[in-house]
Amino acid sequence: MKLTVGPNQFFWKADAWAAFYDDLAQSPVDHVSLGEVVCSKRLPFFQDRIPDAIAVLQAAGKTVALSSLALVTLKRERKMTAELAEMGVEVEVNDLTALAHLPPGTPFSVGPLVNVYNESTLRWLATRGAVRICLPPELPLELIATLAAAAKDVGVEVEVWGYGRVPLAISGRCYHARLHARPKDNCQFACEDDPDGLPVSTGEGQPFLAMNGVQTLSDFACLHGIAGRGAGAGRGWRLAIVTADRRFRADLHIVPGSAGRAAFGR
């Protein structure tokens, strides 16, 4: 059993971003995915910190992957995605267009935003070079067990969602910009004001979703069907995470913005 920490989904100041990975290097995790998944406009604010973060994590014995954007729509975003393949680090694919920039046979991992719902998709990704696949968080445990068995047959490691706000959708529109009556191209980085997402309630005042720029997230942090809200929902819990056929306990300090995953297979 291994633990993976997924990429920070929110817009943090560079010092806070770097400090998070410095702290993570001392934590009991095995694999870390980092980079910008949600909005390419955020990347320049911490891009120069990425090489140091990779070095710190690798020195601590962690394996590292660089995450691609979940939605590539612009020419500069295609260029950014292509440059990931030149960094000399495993790439976590969150949009299948990233595969166009990876030579066939290049090892890569697959993030939870790619819809791997059946054995055929999993096997195709394996033939393309996938060595690690994080299954979508909405999958039931029965299907996870089926996919884990298929992954074992082709030598692919499977990850399941452990804890965190569930990523539900990516849009071409920026919710934060619209809330402040700004065009997307002049958003003035409004999402920075909500480092754990902007809560959204129903007309009756019930917590519903969280907005994160162009991303929609669950209002609560999910742990395989167990939902937590409130001040303690995002940090410092002792977790019992159930995967397809195994159970483990982990003492983790959960930080808003990160997503924990459990990995098994191979």
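Trp12, Trp17, Phe20, Tyr21 and Phe46 form one aromatic cluster. The model is a predicted one. Under the pairing rule applied here, the count of aromatic pairs is seven. Two of the pairs are listed below.

| Pair | Centre to centre | Angle between planes | Class |
|---|---|---|---|
| Trp17 and Phe46 | 4.8 Å | 25° | stacked |
| Phe20 and Tyr21 | 4.9 Å | 75° | edge-to-face |

Trp17 and Phe46 count as stacked because their planes are at 25°, under the 30 degrees cut-off. This pair links distant parts of the chain: Trp17 belongs to helix α1, while Phe46 lies in the loop between β2 (31-34) and α2 (50-59), 29 residues apart. Trp17 has a relative accessibility of 2% and is therefore buried. Phe46, at 3% relative accessible area, is buried.

What is Ile133 in contact with, leaving aside its neighbours within four places in sequence? The partners of Ile133 are Val110, Val116, Leu122, Leu125, Val156, Glu157, Val158 and Glu159.

One further ring contact involves a charge: the charged end of Lys41 sits over the ring of Phe189, at 5.6 Å from the ring centre.

Note on methods:
Residues numbered from 1 in each chain as written. Predicted model: local features only at pLDDT ≥ 70, side-chain atom pairs only at ≥ 80, totals over all residues. Heavy atoms only, no water. Contact = heavy atoms within 4.5 Å. Phe/Tyr/Trp six-rings, centres within 6.5 Å; stacked < 30°, edge-to-face > 60°. Helix = DSSP H or I, 4+ residues; strand = E, 2+ residues; numbered from the N terminus. Buried < 20%, exposed > 50% of the residue type's maximum accessible area, 1.4 Å probe, protein only. Lys NZ or Arg CZ within 6 Å of the ring centre and 35° of its normal.
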